[in-house]
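Please look over the points below with the sequence and the structure open beside them.

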Amino acid sequence: MRIKKQSTDYQVYKILSEKQMSGEEIGKMLGITRSAVWKAVNKLRDYGLKVESTGRSYILVDKDELNPFEVADITFKRLDDHIDEVIYYETTDSTNERAKEYGKSKVLFFAESQTAGKGRLGRKWESQKGGLYFTLSLDPTLEYSELPKITLVAGLSVAEAIPKAKIKWPNDVLIRGKKVCGILSELYGEMENPMIVLGIGINVSNPIPDELKDVAASIGEFFDLSRREIFDLVLANFGKYYQRLLEGEWSDLRKKFLKKCETIGKVVKVTTSAEEIIGVAEDLSENGALIVNGREVYAGDCIHLRNFKIQ
Ligand code: BTN
C-alpha cells in the first residue's frame with residue numbers, strides 16, 4: 001500500500017490521530033467536501049483502522065500500534081525533507097529489493113515480515129513478524145567518498161534509540177554482545193546519479209531461531225519497548241544526524257559514534273570483498289574508515305577477537 005505525504009487519506013489520519021473532529025471541520029481544514037472526508041475515513045477502515053463515528057465526530061481508536069498510516073506519520077514527521085512517500089507491505093521478499101525495483105529516491109519501504117530478507121555478504125536476514133524491517137531510498141547530495149558515513153550514522157541512530165546498546169563497526173547494534181540490529185546499505189543506479197538504499201532490520205519481539213540464539217537477540221528480551229517507540233526514536237535520530245552529515249558536521253558525529261562503538265581497542269578480523277585483515281582496531285579515521293594496523297578499511301565484516309590495550 002502506498003501513502004503519499006499529500007494524500008487525503010493520510011491528511012485525514014493525521015488530523016484524527018491528534019483529536020476527534022467532525023467531517024465538516026476536517027473538510028474545512030483540508031479544503032475538501034464532507035463526502036470526500038467520509039470516503040477517506042472509509043479507506044482508513046478498509047485498512048483495518050478503527051474509526052468510530054459518534055454522529056458528530058470521528059474518533060480514531062487504538063492509534064498506538066504501528067499501522068501503515070502511523071508508519072507514514074512517523075516517517076513524514078521525522079524525515080520531512082528526505083521522504084515523500086511510504087510503501088507498506090504486510091509481507092514482501094526484501095524491502096531493499098523493493099526499493100531498487102521502484103528506482104525512485106525519497107521513499108521509505110516498510111514490511112511486517114520478509115520472505116527473503118538480505119543480510120550483508122549474501123547472508124539471510126531472519127524477518128519474522130514482530131521486528132522492524134524497513135529501507136530508505138535516499139538522494140545523496142554527498143561526495144562519493146562520504147557515502148559510508150551514512151551507514152555509520154544509521155547505526156548510531158539505532159544504538160542511541162535503545163538503552164545499553166553498543167555498535168560493532170561498521171554498524172551492527174548489540175545488546176550484551178548479541179546482535180539486535182543489522183544494516184545493509186547498497187548503492188544503486190548510475191555512477192553519476194546513485195541512489196542509496198539503506199536497509200535496517202531491528203529485532204524487537206520477533207522470534208530468534210535456535211541456531212542464532214548465541215549471537216542474536218530481540219530487544220524484547222531486555223526491555224519493554226514497543227515497535228512504535230523504537231521506530232519513532234530511530235527515525236528521529238536519523239533525521240537529525242543525517243541532516244548534520246549533509247551540513248558537514250561529521251566530526252561531531254564521529255565522536256558520538258566512537259562513544260557507542262565497542263570495536264576500537266579490540267583485536268579484530270575484518271573480511272572485506274578483497275581480503276581478510278587481522279589486527280588492532282586503532283581508531284575511526286576522519287573519513288569514517290576503521291584503522292586496523294595503520295590501514296584504512298571502509299567496509300567489511302568485523303569479528304572482535306579479544307581486548308587489546310592501546311599504549
Ligand atoms: C546485516 O547482515 O547485518 C544486515 C541486515 C539488514 C536487514 C535489513 S531488514 C530491511 C532490509 N531488507 C533486507 O532485505 N535487508 C535489510
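1. D301 counts as buried, at 11% relative accessibility, where buried means under 20% relative accessible area, exposed over 50%, and partly exposed in between, with a 1.4 Å probe and protein chains only. Its side chain meets that of R123 in a salt bridge at 2.7 Å, N to O; the term stands for a side-chain nitrogen of Lys or Arg within 4 Å of a carboxyl oxygen of Asp or Glu. Because D301 lies in strand β15 (residues 301-307) and R123 in the loop between β5 and β6, the pair ties together parts that are 178 residues apart in sequence. Helices (H or I, at least four residues) and strands (E, at least two) are DSSP runs, numbered from the N terminus.

2. This is a predicted model, in which local features need pLDDT of at least 70 and side-chain atom pairs count only at pLDDT 80 or more, while totals for chains, interfaces and linings use all residues. Residues are numbered from 1 along each chain as its sequence is written, and side-chain values use heavy atoms, with hydrogens and water left out.

3. Side chains of opposite charge can pair when their charged atoms come close. A search of the whole structure finds 28 salt bridges, one of them between K168 and D172, whose closest N and O atoms are 3.4 Å apart. Both K168 and D172 are buried. Through shared partners, salt bridges join R120, R123, K168, D172, K179 and D301 into one network.

4. A further salt bridge links E97 with K100, the closest N and O atoms being 3.2 Å apart. Both residues lie in helix α5, three residues apart, which is about one turn of the helix. E97 is partly exposed, with a relative accessible area of 26%, whereas K100 is buried at 13%.

5. Which residues come nearest to the ligand? Of the 19 residues around the ligand, these are S94, Q114, K118, R120 and K179, a residue being near if one of its heavy atoms lies within 4 Å. The residues of this shell divide into five nonpolar, 10 polar and four charged; Ala, Val, Leu, Ile, Met, Phe, Trp, Tyr, Cys and Pro count as nonpolar, Asp, Glu, Lys and Arg as charged, and the others, Gly among them, as polar. At least two shell residues come from each of α5 (95-102), β6 (132-138), β9 (178-188) and β10 (195-202), and β9 gives the most, with four residues.

6. An N or O atom in the side chain of S94 is 2.8 Å from an oxygen atom of the ligand, a polar side-chain atom of T95 lies 3.1 Å from a ligand nitrogen, and a backbone N or O atom of K118 lies 2.7 Å from a ligand oxygen. Taken alone the ligand exposes 420 Å², and the protein buries 99% of that; accessible areas come from the Shrake-Rupley method with a 1.4 Å probe, and for residues only the protein chains shown count as cover.

7. S127, in the loop between β5 (107-114) and β6, is buried, with a relative accessible area of 4%. Its side chain makes a polar contact of 3.0 Å with the side chain of Q114 and reaches the backbone oxygen of W125 at 2.7 Å.

Notes. Polar contact = N/O pair within 3.5 Å; in protein donor to acceptor, adjacent residues only side chain to side chain.
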